[in-house]
Amino acid sequence: MKIIVLGSGVIGTTTAYYLAQAGHDVTVIDRQPAAGMETSYGNAGEISPGYASPWAGPGVPAKAVKWLMMQHSPLVVRPKLDPNQWRWMLSMLANCNHKSYAINKGRMVRLAEYSRDVLVQLRRDTGIAYDERSQGTLQLFRNQKQLDGAATDIAVLEQYGVPYQVLDPAGCEAYEPALKNVRGKFVGGLLLPNDETGDCFKFTQKLAEMAKELGVKFRHGVEIKRLSVEGDKVTGVVTSQGELKADSFVLALGSYSPFVLKQIGIHIPVYPVKGYSITVPITDAAGAPESTVMDETFKVAITRLGDRIRVGGTAELAGYDLSLHQARRDTLEHSVTDLFPRGGDVSKAEFWCGLRPMTPDGTPVVGPTPYRNLFLNTGHGTLGWTMACGSGRVLADMVSGRQPEIGLEGLFMDRYGSRNKPVLVPGGISVTA
């Protein structure tokens with residue numbers, strides 16, 4: 001088939017690659033001058049299936065009130081006169097219970113674990129390099145209450161057979177030797193040894209080149225205006241360079257997906273949650289992290305990427321505003337200098353922000369729509385890098401009429417944003433969304 005993919009972030013690019021591998025004629029359209037230039041550019045660098053969790057969980061509302069009062073708050077809410085913002089927040093609050101958390105985390109872990117396996121195979125097949133490391137993630141707890149609270153996540157990890165280790169302070173220091181320099185600032189940690197790290201932007205750029213070798217055409221600097229539809233079928237995409245036709249279409253526009261979908265009567269609860277990062281040049285390799293350390297107190301990930309430290313965090317609900325706020329940089333600098341004071345020079349850091357496309361329940365939207373030739377691959381939130389390869393592979397299988405290698409239950413929605421309706425996938429695959 002001739003297929004158009006809308007969006008060339010890590011999600012759109014991996015989708016295009018796997019569609020081309022399946023033998024399709026693929027064109028990617030994006031307004032940016034190259035692949036991976038928006039949310040995929042400066043994320044935290046984690047590929048963390050074991051850390052795949054919805055933000056909506058038991059006790060989160062009470063924690064959110066506390067976070068908002070902190071000097072270095074992991075949560076910032078800038079209220080807008082936008083009903084979508086309020087609707088999203090209310091829906092997220094409705095998911096803050098034990099039952100919903102277990103269901104949503106299970107869905108996310110299923111896709112994230114599969115995605116890690118697909119990425120490993122891709123690396124074996126192609127030799128793609130992106131400052132990758134396969135040394136796990138350490139969730140670092142600064143107090144006993146945080147350590148005790150990990151029991152809920154551990155129960156889900158055990159349910160899905162995800163390896164983990166609970167470490168005492170000495171165990172944390174053995175895993176991350178530089179933490180010996182700040183002994184006494186943490187009480188323990190949760191190690192997820194199968195997690196990986198890597199530069200998402202480097203990966204996306206290199207995979208785009210590999211996709212081109214498979215025949216994928218990238219049309220950059222092209223603005224997407226709307227989709228043309230007739231009956232239950234999309235007939236084309238109207239762009240700043242005219243209307244483009246194809247047999248099938250995949251929408252992977254991240255936080256901007258709802259704008260295009262609303263015009264054709266599809267409403268998905270994807271809303272932007274802004275995240276920030278700094279990229280710090282390493283000055284003392286022995287004083288830098290070996291892999292990823294997740295500072296549980298400030299919800300900040302500190303990741304080794306070659307000769308740099310990527311520090312990412314903050315959940316800011318501010319609509320589509322891309323302003324860089326110094327207070328957010330201060331939080332990132334505080335976390336990395338508090339735990340790795342000798343690691344890097346924060347005065348020379350690159351400061352960046354991006355819009356994470358979040359759903360209220362945490363699970364992305366991957367699959368078909370009421371239009372029989374339109375598919376969605378969006379809403380991955382903080383886990384776009386973690387879930388990219390698996391989502392791209394699953395989507396390519398669905399478009400091609402092949403049975404995906406994992407269960408699809410809960411991964412997509414109907415026209416009104418519900419995950420509870422039966423959907424017929426091409427090739428006669430019938431599942432309950």
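Which side chain meets that of Arg308 in a salt bridge? I looked it up, and the partner is Asp131, at 2.8 Å from N to O. I noted the rule: a side-chain nitrogen of Lys or Arg lies within 4 Å of a carboxyl oxygen of Asp or Glu. Side chains of opposite charge can pair when their charged atoms come close.

**What I am working with.** This is a predicted model, where local features need pLDDT of at least 70, side-chain atom pairs count only at pLDDT 80 or more, and totals for chains, interfaces and linings use all residues. Residues are numbered from 1 along each chain as its sequence is written, and side-chain values use heavy atoms, with hydrogens and water left out.

**Asp131 again.** I found that Asp131 also forms a salt bridge with Lys202, at 2.9 Å from N to O. These two residues are 71 apart in the chain. Asp131 sits in the loop between H4 and strand S5 (137-141), while Lys202 belongs to helix H8 (residues 200-213). Helices (H or I, at least four residues) and strands (E, at least two) are DSSP runs, numbered from the N terminus. I then searched the whole structure and got 28 salt bridges.

**Two domains.** I checked the domain assignment next; such bounds come from an automatic or database assignment. Domain 1 covers 1-56 + 97-131 + 198-267 + 363-432, and domain 2 covers 57-94 + 132-197 + 271-358. Their C-alpha centres lie 25 Å apart. The contact (heavy atoms within 4.5 Å) takes 44 residues from domain 1 and 43 residues from domain 2.

**The interface.** I looked up the buried area, which is the accessible area (1.4 Å probe) that two parts lose on being put together, summed over both. Domain 1 and domain 2 bury about 3,800 Å² between them, with 58% of it on carbon and sulfur atoms. Tyr51, Trp55 and Asp131 supply 19% of the area that domain 1 buries against domain 2, more than any other three residues. The rule finds four salt bridges across this interface.

**Who lines domain 1's side?** I saw that strand S3 (46-47) and helix H4 (98-126) are the elements giving two or more residues to the side that touches domain 2. H4 gives the largest share, eleven residues.

**A hairpin.** Last, I looked at strands S19 (residues 365-368) and S20 (residues 374-378), which run antiparallel and are joined by four bridges. Strands pair if DSSP finds at least two bridges between them. The hairpin from S19 to S20 passes through five residues. Pro368 has Phe375 in S20 as its bridge partner.
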